[in-house]
Amino acid sequence: MNALPQDERDALRQAILAKHPTVYAFWKAHQHKISKSVVFLVLRGTYPGHQARQAERMRSLLRGAVQGAGPHVPGEDEIVSALERVACSRCPRQNRKSRHRCKVCLALWRAQAQEIGRLGGTP
């Protein structure tokens, strides 16, 4: 067991509480990146594994939250590509032998992507 000193655990707890109202709120914000037991056991000092490595993971999650890492917002080209993929797979005009996309609907997809971007705030 690679124990983390009490002062480092306290500093980590204070860093978490500076960004989140509770330790639980910190875990909830990052629940897909770190387990709840790891968070609480490291802060308690009873984590059976490499505590310093887990503490560094928690610090990196805090830094990521500070930098404003959020969900991916697709751009107009990604939206057009998704619309094309779905629409062409269902289109009766598509030449199924050559898998050639006719691009008849491209203007419509661009207009839809622009409107989605306007509503969602994409660049």
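Analyst: K33 is exposed, with a relative accessible area of 53%, where exposed means over 50% relative accessible area, buried under 20%, and partly exposed in between, computed with a 1.4 Å probe and protein chains only. This is a predicted model, in which local features need pLDDT of at least 70 and side-chain atom pairs count only at pLDDT 80 or more, while totals for chains, interfaces and linings use all residues. Residues are numbered from 1 along each chain as its sequence is written, and side-chain values use heavy atoms, with hydrogens and water left out.

K33 sits in the loop that joins helix 2 and helix 3; helices here are DSSP runs of H or I with at least four residues, strands are runs of E with at least two, and both are numbered from the N terminus. Once its neighbours within four places in sequence are set aside, K33 is in contact with R57 and L61, contact meaning heavy atoms within 4.5 Å. Although K33 and R57 are 24 residues apart along the chain, their C-alpha atoms are separated by 9.2 Å.

In contrast to the exposed K33, Q54 is buried, its relative accessible area being 9%. Apart from neighbours within four places in sequence, the residues in contact with Q54 are I34, V38, V42 and Y47. One of these, V42, has its own list of contacts beyond four places in sequence, namely L4, R9, L12, Y47, Q51, Q54, A55 and M58.

The largest nonpolar core has 16 residues, of which L12, I16, V39, V42 and M58 touch the most other members; a nonpolar core is a set of buried Ala, Val, Leu, Ile, Met, Phe, Trp, Tyr and Cys residues joined through side-chain atoms within 4.5 Å. At least two residues of this core come from each of helix 1, helix 2 (23–29), helix 3 (36–44) and helix 4. A second, separate core has 5 residues, among them V80, C88, W109 and A113. In soluble globular proteins, nonpolar side chains tend to be buried together.

The whole structure contains 5 salt bridges, each defined by a side-chain nitrogen of Lys or Arg within 4 Å of a carboxyl oxygen of Asp or Glu. In one of them, E8 pairs with R59, and the closest N and O atoms are 3.8 Å apart. Because E8 lies in helix 1 (residues 6–19) and R59 in helix 4, this pair ties together parts that are 51 residues apart in sequence. Both partners are partly exposed, E8 at 34% relative accessibility and R59 at 25%. A further salt bridge links R63 to E56, with the closest N and O atoms 2.9 Å apart; R63 is partly exposed at 41%, and E56 is partly exposed at 35%.

Elsewhere, E115 forms a salt bridge with R118, with 2.5 Å between the closest N and O atoms. These two residues both lie in helix 6 (residues 106–120) and are 3 residues apart, about one turn of the helix. E115 is partly exposed at 35% relative accessibility, whereas R118 is exposed, with a relative accessible area of 57%.

For the chain as a whole, the secondary structure comes to 6 helices and 0 strands, and buried residues make up 27% of the 123 residues. Among contacts with a separation of 6 or more, 57% are between residues 24 or more positions apart.
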